[in-house]
Structure formats: C-alpha cells, structure tokens
Amino acid sequence: MKSDSSKPLNSRSKAITAGDTRAPNRAMLRAVGFKDEDFNKPIIGVASGYSTITPCNSGINTLAERAEKGIRESGGMPQIFGTITISDGISMGTEGMKCSLVSREVIADSIETVCRGQSLDGVIAIGGCDKNMPGAVIGMARLNIPSIFVYGGTIKPGHYHGQDLTVVNVFEAVGQYGAGKLPRQDFECVERFACPGAGSCGGMFTANTMSSAFEAMGISLPYSSTMAAEDAEKAGSSEASARALLELIRRNICARDIITRKSIENAITVVQAIGGSTNAVLHFLAIAHAADVKLTIDDFEKIRQRTPHLTDLKPSGKYVATDLHRAGGIPLVMKMLLKEGLLHGDCLTVTGKTVAENLKDVPDAPKANQDVILPFDKPKYKKGHLSILKGNLAQEGCVAKISGVKKTQITGPANVYDSEEACMKAIMADKIKPGDVVVIRYEGPKGGPGMREMLSPTAAIIGKGLGDAVALITDGRFSGGTYGLVVGHVAPEAQVGGNIALVKNGDLITIDAEKRLLEVKLSAKELNARRKKWKAPAIKYKRGVLAKYAKLVSTASLGAVTD
C-alpha cells in the first residue's frame, strides 16, 4: 500500500505475520474464513455499490461475487464491503436530489475509510449510478493503492411505438403531456416501458459518460464501459478485472501511476468526442484534486477546441450505449483519436499495458454499415460540445452544453427563479416565453446545498416545444440527459454573492457559445449598487450531512470538493 506521499507501507497481510502482537488480528480474520495459508496473501477490498434502490445498481451483487471468485482464484483474499448510492433518476426534481452530489463525497470517504482502516492491499470498486464512479475513483486517488473500477453496466433501451426509450423520454413526456401534445395513454406507456431492467440510464448521460471516460483514463478494462448490465460479458468483465488487479498488486502499480495529467486529458478528450455529460467537468476537477494533478476548468475548453464530436448518441442524438458497444465501443473511438495524435498513447492502464498497446489491434476507422460512430473527417460537430464560458455572470467560469442546438447565441430577458420548484411551476403554467433566458439560482454547491440537476425543468421545456427558443442558466447542475442551450455550474454561485444573485426579471442576458461569453447587460456601477442591497439567504439546513456539506464544499469551478 502507498500513502499520500507514495511511500510504501506494510500491508496488513504482512503485518499479521510479524509477531504474536498480531494474534488478535488473525483471530478476527479466522472468524470470517481465513486459514493459516491465507495470511500471506494480498487482502483485497471489493467495494460493492449493490442496492435495490435503483436499477443502476440492482445487478451489482452478481458482479461482486464474480470479482470475489476472480480474486480467490488469482491468489488474493477478498473482503466485500458496501458503499452507498443515490438514484438520480428517482430523486430528480425533488429535495432528495440535493443529496446526489453529496453522495459522491460519501462514497469516496467510505472507500477511503475502509481501505485505510483495514490496511487493504488493493481495491476493486463496482458501481452503477452517476456518483458511484467519480466517488470511487476519488477514493482510489486519495489512497494510491492498486485499484480498478468496474462499471455495473448500462440498461438496455425500452421500446414503445418503434422508438428506443430512456428515462429522459419520461421527463420530456411530462412537458409533452402538460402541453397537450401527448395523449394520456401514450404518456403512461412511455413511463411503463422506458426502463426495462437492470443497468444505468442508457444514453450518453452521466453514468455512461463517466464509465467511458474511466475506460479512456485506463482505470477500467477496455470495452467494459459500454456493456449491458444484464449481459453475461459484464459479469465476465468483473471477474477479469479482479484478476487484473492481482497483477497490479504484484507489479506494485498504484492508482496514481494510472491517474495522471495525461490520462485525465485522454478522458476529457473522449468525453468531448462522444458527447458526454456536463458533470464530467465537475468530476474530473475533483478527481484531479484528489490525485494532486494540476487541472483547471479552462483545460476543458482547450481540449474541446481540438476534439471533434464523433458519435450520434442520446440525449441529442439517435443511439444509446449498447449501440455504441456493438459499433466498436470506446476502444474504436480512442483508436481514431490516437491516430490523429489527440490521445497520449504512453499512458499506463490497469491491463499493465499502455493505451497504445491496448489499442494495437483495434481498427482506426468505423465500419461503413453503421452511423453510431462517425468517420473522423465527417464528425457530428467539428469541435467538442462542452464549452467553458466566462463573463460578468460567471467570472470563475461555467459549462455550456451546445450539442443538438440550432443556435449557439441568444440575448433575451431574464426570467428569474430562486429554486428549481418555482421554475418548474412556471414552466407548467406556460409562464416561460420564446426568447426568455431562464435563470435558476440558489441551487449551487452551498446554496442548494448540493447543486441539484435541472433535468425536470429542461426536459419540460423541451416537451413544451420551447427547446430551440429558450435558454436556461443556473448555478446548479444538469443531468447528462439534458440538451438544448443550457449553461450550468455558474460560478461564483448566488449563495456566496456571485452576480447571478443580482439579476432581476427583464435584465438582458447574453449567452454566446462561440465567443464563450455569459454576461448580463448591466454596468459595474449598477451591479455594485445592487450588491450593497443584497443579503445572503440563510443556509437551509442546520444539522446533518447537508449542513456539513454546505460548510465544507468549494466552488464548482474547483470541482465542488470538500477537502
């Protein structure tokens, strides 16, 4: 095991044989199945996110059992422990969504706590829903022991009237039904058929974005990020991951040997190429912080400028993750990028090989009989879709998702709401008009607290038929399922006095993705005058996890980290 300073520590398995003072440790381990010969084996944590709270994690128990089998057969001693999950899809649009980003920190803390407390020699983490992945990898980066991540797998698409469905279709159906565009029977059928079984949301939403990015970063096995949760190859991949982890331990390859500046750049490049979630910006800033890697929000824009968008995936495209898997998966996308000099081929991965070595036999162009992965010279967009904007409404920066939008510039009157709920009521009451720039504030890391995702309002706007006519900005986040001209992670947030707190109804706001600008048409003098009259509202929670989070959390431009 390595500490934060990367100095080797005695592993628990070695310490237990050092003398009679370790007899109590041996006695405790005998009670959970250790035999004499097991005390000299590496002891491996299996951090399982299994839960029936969400379909994203409901199949993970099988994967944990296969990982346990792979560890035993490869000469290690597995010890399974649990970590939590929040279902973003279930909590979306409710107060419960405030706990979603908080769960990233709880997951990281829980994995770090167990592995440090038990002096484990390595860890394999298995997770499904959105925050499982960054939470696990943040924990791995802090620990810096041999580590590997296993994605629980994507859900297969639902079907209705010949259309592939994801959970985002249900959110959009709310707006369609409210606008009288969808009959009640169809509305109910979309809800019934959208999620047919186990696995994480099927489009290139946050879960599949992060699993794909972690495969690109090298902390997961090739091809593993786009497998369906219910397919046999997913369980096989979990067992293979466990065997790979034992080899990492033998070679003393630790998490920070894999999580480097170059490998994070590879991950961000792939996120831009596949049309991934805005949440990737927040999570990779936090992962870099945990790994002591220098990364700023501006680095995402630099990578966007040189990276084409190569796939046609939901939410703004046609296909889902299982289609991407059949078309060649992340390795094919990576090989295309590597061929053009856009990836660092020398990065080490959990296979023990470099990126270039892993991709040696992968084709460098997509097959002609599909249009999921597009040719490099005929991309969906010439540049990536996640743009970093700045201006007097976001001096620290914010994130715009510009895929699937007909225009990337709008100037319109502000329509301001101090919570997601207030905005949602206005949308359903038809108070949002074409040309409006909707502002949802006091939903940032501190102000929420918890930086809720705004899928319910954005999907309702789409469902109402206003997707190309209305823009939305927020100091909260967006779901990976959100599309349209939306700008999130506005920093500084309203709660700490960011200028978004000073905006009034009718103020003209400009969003210009090409000029990377977000500004309100107010003079510095007027902003200062308004600031003198502004007072921060009280934090909404006085005790418990949300109160602690509000006290500790950083600005979104630093990844909303708590340490």
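Trainee: A cavity is a set of grid points where a 1.4 Å probe fits but cannot get out. How many cavities of 30 Å³ or more does the structure hold?

Mentor: Keep in mind that this is a predicted model. The structure has six cavities of that size.

Trainee: What volume does the largest cavity have?

Mentor: About 120 Å³.

Trainee: And which residues lie nearest its centre?

Mentor: Asp88, Met92, Asp130, Cys201 and Ser479, out of 16 residues that line the largest cavity. Two elements each give two or more residues to that lining, helix H4 (88–91) and helix H7 (167–178). The largest share is from H7, with three residues.

Trainee: How do the residues of that lining divide by class?

Mentor: The lining of the largest cavity has eight nonpolar, five polar and three charged residues.

Trainee: Let's switch to helix packing. At what angle do helix H6 and helix H9 pack?

Mentor: The angle between H6 (residues 132–143) and H9 (residues 206–217) is about 35°, and their axes are 9 Å apart.

Trainee: Which residues in H6 and H9 meet?

Mentor: From H6 there are Met133, Pro134 and Val137, and they meet Ala207, Met210, Ser211, Phe214 and Met217 of H9. By class, this contact of H6 with H9 has seven nonpolar residues, one polar and no charged ones.

Trainee: Is Met217 buried or exposed?

Mentor: Met217 has a relative accessible area of 0%, so it counts as buried.

Trainee: What does Met217 touch, leaving out residues up to four places away in sequence?

Mentor: Val137, Ile258, Ile259, Ser263, Ile264, Ala267, Phe284 and Leu348. Val137 is one of the H6 residues in the contact with H9.

Trainee: New topic, Asn415. Where is Asn415 found?

Mentor: Asn415 belongs to strand S9 (residues 409–417).

Trainee: And why does Asn415 count as buried?

Mentor: Because its relative accessible area is 13%, and buried means under 20%.

Trainee: Which side chain does Asn415 join in a polar contact?

Mentor: The side chain of Asp436, at 3.1 Å. A polar side-chain atom of Asn415 also lies 3.5 Å from the backbone oxygen of Lys431. Beyond neighbours within four places in sequence, the contacts of Asn415 include Lys431, Asp436, Val438 and Asn505.

Trainee: Now the backbone. Which peptide bond to Pro315 is cis?

Mentor: The one from Lys314, with omega near 20°. Pro315 sits in the loop between helix H14 (297–306) and helix H15 (321–327). Another cis peptide bond joins Ala491 and Pro492, with omega about 0°. Pro492 is in the loop between strand S12 (486–491) and strand S13 (508–512).

Trainee: Why point these out? Most peptide bonds are what?

Mentor: Most peptide bonds are trans, and most residues other than glycine have a negative phi.

Trainee: What about phi of Ser119?

Mentor: It is positive, near 50°, and Ser119 is not glycine. Ser119 lies in the loop between helix H5 (98–117) and strand S3 (122–127).

Trainee: And phi of Asp430?

Mentor: Near 60°, also a positive value in a residue other than glycine. Asp430 is in the loop between helix H18 (420–428) and strand S10 (437–440).

Trainee: How does the relative accessibility of Ser119 count, and what is the relative accessible area of Asp430?

Mentor: Ser119 is at 26%, so it is partly exposed. Asp430 has 43%, so it is partly exposed as well.

Terms used. Residues numbered from 1 in each chain as written. Predicted model: local features only at pLDDT ≥ 70, side-chain atom pairs only at ≥ 80, totals over all residues. Heavy atoms only, no water. Axes fitted to C-alpha atoms, helices over the stretch in contact; angles between N-to-C directions. Helix = DSSP H or I, 4+ residues; strand = E, 2+ residues; numbered from the N terminus. Contact = heavy atoms within 4.5 Å. Nonpolar A, V, L, I, M, F, W, Y, C, P; charged D, E, K, R; others polar. Buried < 20%, exposed > 50% of the residue type's maximum accessible area, 1.4 Å probe, protein only. 1 Å grid on protein atoms, 1.4 Å probe; cavity = no way out; pocket = protein on both sides within 12 Å on 5 of 7 lines; lining within 4 Å. Points joined across faces, edges and corners; volume = space filled by probe spheres on them. Polar contact = N/O pair within 3.5 Å; in protein donor to acceptor, adjacent residues only side chain to side chain.
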